[in-house]
Amino acid sequence: MESFQLDIDNARPGPCHLASASQEPRQDWTPAAKAVMKQLQDRLARDIARLPLGRTQAGPHALTSLILELPRRPNAIAQLPGTQFQLLHPQGDGLRAGYGLAAQWEAQGSDRLSTLARVTREWPACWEQGDPDGTGLRAFALLGFAAAPEPALTPEEHLPNALLWVPDIALRQTEEQAALIFSAQQQQGRASVHARWHRLLEDLIPGLFAPPRRPALVTRVAAEFTEPEQSQWARLVEQALECIHAENLQKVVLSRRLGVKGSRSFDIARLLDVLAAVFPSCQIINLRRGDQSFVAATPERLLHLRDGRVAVDAIAGTTSHSDCEDRNLALGEELLRSEKNLREHGFVVEAVAQALASSCRSIKIPRQPRLMRLRNAQHLWSPITAEINPGTGLFNLAEQLHPTPATNGQPRLAAHQWLRAQEPFSRGWYTGAAGFIEPDNSGELWVLLRCARIRGKQAELFAGAGIVAGSDPGAEWEETETKLAAMLTALRFA
């Protein structure tokens, strides 16, 4: 596999980067952890009395949240056993993390997003938030879904097809402040909610204010399988090109799965640290259920919705990155002039514009794509914005935009059907989407790229390449090698 150099000493994390706390045996509480815990215990005992709990007539969608500012910023992203998630954008929105399960809703099938939308439609009226410190921060839920609405074909998949997840305790951290957000269903009793929050705090606070971590040896990582094999990949590319030449497809995105095994269990906390340091402009995502984690370091935002405006990233067209600045600039200029890559990018821009046309106005599309420079690749990028029409929400937009030609192909249905018939494995959540949604139904979703599904010493990595007229099987294989190398190298430091 093509090597990917990781320079930890020179990698510059963004301002919201945190050294993560691993699942090592609990050490003595630090003075900071003790002080924060004492304050939170006192405040919870006082402020929980103000929350609308014990409302037996409240519906299952009625929630309440208490937002308490932390007296000091955490120095770690706590990794606890069990159910949790982290959404980290070091140079962007900061950190959103969730621990425990206050409420969840699952769905699958062609109406999966509309099913979940019915839950959130009630939230503006029935999700009550208390913010006694005046932080201005908001409660949030995790929203995510798999690549396709059909159930996963593999029993190893640990995530449901589509998921709406309100954590018991969430952490929100920006450059300026940090707060814990306690959430519960209104129909639950005050005493049981208080006890649940207190138990979780006892695990969470030592993790957020952990002592400095000890250095770790590099993990040896060995490949166990790749699917498809390179010869099968070449045949699939040729079959795709035949369909493109017959004008049945304009583009299709083929993906690969790489299975690896580490010399020890992968440390998710260290992995998040490495990804945040090396890819500070990407969204770092960890979704953990049971004993598995799904981790992504994605550059592609599916949508951001707030105050009636939506922003979408159109990303397609890729070249390599060079440590030589002159060579890197030359590669970028070549990408901006590449007829094949500009055509591939144009399919995505056109599809996004068409998807937004029925529900938005004042759609603004750059005349030419920009370069998105990452540490292992460069992409063509067109940021697109629009104003949404009345009645349009985050779920409508997600359904219209996903899957994009950047991960599926064009035309959408024909590409999806071709992939279902030809791709040798189920993608699961790879090329799906995940992000957050707030009580007023604003939020953000990111396409799940540069992914790994991790369980102990085992990991499955995913990457893909867009096939259009003029694609070369060998060049597309090398593109996937470069994409896989980013996560593969990060795992060696986990």
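Student: Which residues touch the most other members of the largest nonpolar core?

Tutor: In this predicted model, the largest nonpolar core holds 74 residues. Nonpolar side chains in soluble globular proteins tend to be buried together. The members of this core that touch the most others are Trp123, Leu303, Val310 and Leu356.

Student: What does Trp123 touch, and what is its relative accessible area?

Tutor: Leaving aside residues up to four places away in sequence, Trp123 touches His61, Leu63, Trp105, Ala141, Leu164, Val166, Ile437, Glu438 and Pro439. Buried means under 20% relative accessible area. Trp123 is buried, and its value is 0%.

Student: Are the rings of Trp123 and Trp127 stacked or edge-to-face?

Tutor: The ring centres of Trp123 and Trp127 are 4.7 Å apart. Planes over 60 degrees apart count as edge-to-face. The planes here are at 80°, so the pair is edge-to-face.

Student: Is Trp127 buried or exposed?

Tutor: The cut-off for buried is under 20% relative accessible area. Trp127 has a relative accessible area of 5%, so it is buried.

Student: Over which rings do the charged ends of Arg256 and Arg370 sit?

Tutor: The charged end of Arg256 is 3.6 Å from the centre of the ring it sits over, that of Trp477. For Arg370, the charged end is 5.4 Å from the ring centre, and the ring is that of Trp381.

Student: Where is Glu476, and is it buried or exposed?

Tutor: Glu476 belongs to helix H11, residues 473-492. Beyond residues up to four places away in sequence, Glu476 touches Trp233, Lys340, Ala465, Gly466, Ile467 and Ser471. With a relative accessibility of 2%, Glu476 counts as buried.

Student: How many residues of helix H6 are buried, and what do they pack against?

Tutor: Eleven of the eleven residues of helix H6 (residues 268-278) are buried, so the helix is largely enclosed by the rest of the structure. Among them are Arg270 and Asp273. The buried residues of H6 pack against strands E2 (84-89), E12 (283-289), E13 (292-298) and E22 (451-455), and also against H11.

Student: Where are the prolines of the cis peptide bonds from Glu227 to Pro228 and from Gln410 to Pro411?

Tutor: Most peptide bonds are trans. The bond from Glu227 to Pro228 is cis, with omega near 0°, and the bond joining Gln410 and Pro411 is also cis, with omega about -5°. Pro228 is in the loop between strand E10 (221-227) and H5, while Pro411 lies in the loop between E19 and H10.

Student: What is phi of Glu247, and is that residue buried or exposed?

Tutor: Most residues other than glycine have a negative phi. Glu247, found in the loop between H5 and E11, has a positive phi near 65°. At 71% relative accessibility, Glu247 counts as exposed.

Student: Over which residues does pLDDT stay under 50?

Tutor: The mean pLDDT of the protein chain is 91, and 94% of its residues reach 70 or more. The model has 43 contacts beyond four places in sequence for one stretch where pLDDT stays under 50, residues 1-17. It has 13 such contacts for another, residues 22-26.

Definitions and conventions. Residues numbered from 1 in each chain as written. Heavy atoms only, no water. Core = buried A, V, L, I, M, F, W, Y, C linked by side-chain atoms within 4.5 Å. Buried < 20%, exposed > 50% of the residue type's maximum accessible area, 1.4 Å probe, protein only. Contact = heavy atoms within 4.5 Å. Phe/Tyr/Trp six-rings, centres within 6.5 Å; stacked < 30°, edge-to-face > 60°. Lys NZ or Arg CZ within 6 Å of the ring centre and 35° of its normal. Helix = DSSP H or I, 4+ residues; strand = E, 2+ residues; numbered from the N terminus. pLDDT = per-residue confidence, 0-100.
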